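Subject: Structure for you to look at

Hello,

Here is the structure I said I would pass on. My notes on what was found in it follow below.

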Amino acid sequence: MEKFLPPAFFKNAQFILDLIFPVSCFGCGKEGDWLCPVCFGKITLADRTRETSPPLDKVLIACDYKNQVVKKLILNLKYNFIRDLAGPIGKLMSRKLSRYLSENNSAVLIPVPLHKKRLRWRGFNQAELLANEINRDSNIPVVGNALIRHRHALPQAKINDASARKENIRNSFAINPDFRVNLKNKTVILIDDICTTGATLAECARALKPLQPKQIWALVFANG
Ligand SMILES: [Zn+2]
């Protein structure tokens, strides 16, 4: 695991840090860009989906976490708060989605929400940033407030066992009482950065099921 600067420090000092440490490519180290066009072009889309059970109908995984550049992109977005990385990550996710989605007109993107404590800590929801980038690329609308995360479960990354993960996340999501968008007969695409056992995505799908979408897919950047 790489060492990360403490969040508060990093957020306040971003501007100064940019001056001290110029931006350089996570792939080749060239200055000027977090990911230069050459290294971006080298990232291949993963050729796989993940087995799921209803109500989650499909999970699309855009890239392979074993690719060191992919890993660096996601870790630096989430733990070094480099929001700009949502751009290239979202573009790759959008490309993956376009291979599977034949018609966009009935699809909506729903980012997996963070618990408010986690949101306060990070200052942004990475899944929401990614959904916005995918929207920019694909024009598929983002429906941001569909779900609320009402229990502060342990971060799934801290639990190794699959059944313990399932238990940790159970009943963590509910439909936002203020949510008014009609999802009936829509293709819902849940957006998240990483999928490990798929327990979080399955819980989101379970919560959304009563709104009667036509199908529920998930699209993640990488398989953690
Ligand atoms: Zn590069």
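**The loop between β1 and β2**

Pro55 is found in the loop between β1 and β2. Helices (H or I, at least four residues) and strands (E, at least two) are DSSP runs, numbered from the N terminus. Pro54 and Pro55 are joined by a cis peptide bond, with omega at about 5°.

Two notes on reading this. Residues are numbered from 1 along each chain as its sequence is written. The model is predicted: local features need pLDDT of at least 70 and side-chain atom pairs count only at pLDDT 80 or more, while totals for chains, interfaces and linings use all residues.

**The sheet**

An open sheet is formed by 5 strands in the order β1-β2-β7-β6-β3, with mixed pairing. Two strands pair if DSSP finds at least two bridges between them. β1 (48-50) and β3 stand at the edges with a single partner strand each, so one side of each has no neighbour in the sheet. From one strand to the next the twist averages 30°. Axes here are lines fitted to C-alpha atoms, for helices over the stretch in contact, and angles run from 0 to 180 degrees between N-to-C directions.

β2 (residues 58-63) and β7 (residues 215-223) run parallel and are joined by 5 bridges; Val59 stands opposite Ala218 in β7. β3 (residues 107-111) and β6 (residues 187-195) also pair in the parallel sense, over 5 bridges, and Ile110 stands opposite Leu190 in β6. In β3, 4 of the 5 residues are buried, so the strand is largely enclosed by the rest of the structure. A residue is buried if 20 or more other C-beta atoms lie within 10 Å of its own, exposed if 12 or fewer, and partly exposed in between, with C-beta atoms placed from the backbone.

**Helix α4**

α4 lies across β2, β6 and β7, at about 135° to β2; contact means C-beta atoms, placed from the backbone, within 7 Å. The axes of α4 (residues 86-100) and α6 (residues 126-138) come within 8 Å and cross at roughly 60°. That makes α4 oblique to α6 (under 35 degrees is roughly parallel, over 145 roughly antiparallel, 65 to 115 roughly perpendicular, the rest oblique).

**Two asparagines with positive phi**

Asn139, in the loop between α6 and β4 (147-149), has phi near 70°. Asn139 is exposed, with 10 other C-beta atoms within 10 Å. Asn185, in the loop between β5 (173-175) and β6, has a positive phi of about 65°, and Asn185 also counts as exposed, with 10 C-beta neighbours inside 10 Å.

Regards

Notes. Contact = placed C-beta atoms within 7 Å.
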